[in-house]
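Here is a friendly walk through one protein model, for someone who has not seen it before. Have a look at the sequence and the fold, then read on.

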Amino acid sequence: MRIPGISLTSACDIFVEIGPDLDGFPSPDNLAAWAGLCPGNNESGGKRRSGKTLSGNKYLKIALVACDHGASRTKGCQFEGYHGSLNLRRSYKKATVATAHKRLRVIYSCLKTQTPYRDPNINYDQLIVERNALRWLKMLAEFGFIADTAQAKPAGVQ
């Protein structure tokens, strides 16, 4: 649920469809192909034509595309930028399916490595300092490590 756009209901839907054991999918590409989110490959005589996505697990595809509609409007996350750049070159629906494909790859890596999702566009250390700096300064003043909290405010705090 830490991935932008995924609610509790969506997370349950995705987990039910994928299952707790990812041994059946040796790579994220295999999972994306099983879900039907891989782009089609239609080439003849060196000329590439548009390819449709494969038919796969329609319930997983529906859940991921629904999550992408929310995440494409979340400011500052990697999926919003990815969806926006694809939407300029392709249609909204194609950008949505491509972003759902990327989200499924991220979900696969998070479940496989059992690590929480960390958005590369967000500086988590800076967020923690901004949220807790004043409380830390009050505690340091309370225990006598600094003389006054008014003179020891961090930079950027008013």
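The chain has 6 helices and 2 strands; these are DSSP runs numbered from the N terminus, with helices being H or I of at least four residues and strands E of at least two. Reading from the N terminus, the order is α-α-β-β-α-α-α-α. Keep in mind that this is a predicted model: local features need pLDDT of at least 70, side-chain atom pairs count only at pLDDT 80 or more, and totals for chains, interfaces and linings use all residues. Residues are numbered from 1 along each chain as its sequence is written, and side-chain values use heavy atoms, with hydrogens and water left out.

Of the chain's 158 residues, 29% count as buried. Buried here means under 20% relative accessible area, exposed means over 50%, and partly exposed is in between (1.4 Å probe, protein chains only). As for contacts (heavy atoms within 4.5 Å), look at those with a separation of 6 or more: residues 24 or more positions apart account for 55% of them.

Now for the inside. The largest nonpolar core has 26 residues, and I14, I18, L64 and L104 touch the most other members. Such a core is a set of buried Ala, Val, Leu, Ile, Met, Phe, Trp, Tyr and Cys residues joined through side-chain atoms within 4.5 Å. At least two residues of this core come from each of α1 (8-18), α2 (28-35), α3 and α5.

Setting aside neighbours within four places in sequence, I14 is in contact with I6, L60, A63, L64, C67 and I107. Just after α1, G19 has a positive phi of about 95 degrees.

What about helix α4 (residues 78-89)? At 1.5 Å a residue, its 12 residues should span 16 Å, and the end C-alpha atoms are 18 Å apart, which agrees. The expected span is 1.5 Å times one less than the number of residues. Q78, F79, H83 and L86 are the buried residues of α4. Their arc around the axis is only 120 degrees, which puts them on the same side of α4. They pack against α3 (58-71) and α5 (92-113).

Finally, the rings. Rings of Phe, Tyr and Trp (its six-membered ring) pair if their centres lie within 6.5 Å; planes under 30 degrees apart count as stacked, over 60 as edge-to-face and the rest as tilted. By this rule there are 2 aromatic pairs:

| Pair | Centre to centre | Angle of planes | Kind |
|---|---|---|---|
| F25 and W34 | 5.3 Å | 50 degrees | tilted |
| F79 and Y117 | 6.2 Å | 20 degrees | stacked |

F79 is buried, with a relative accessible area of 0%, and Y117 is buried at 9%. The charged end of R103 also sits over the ring of F79, 4.4 Å from its centre. A charge sits over a ring if NZ of Lys or CZ of Arg is within 6 Å of the ring centre and within 35 degrees of the ring normal.

Notes: The arc is that of the directions from the helix axis to the C-beta atoms.
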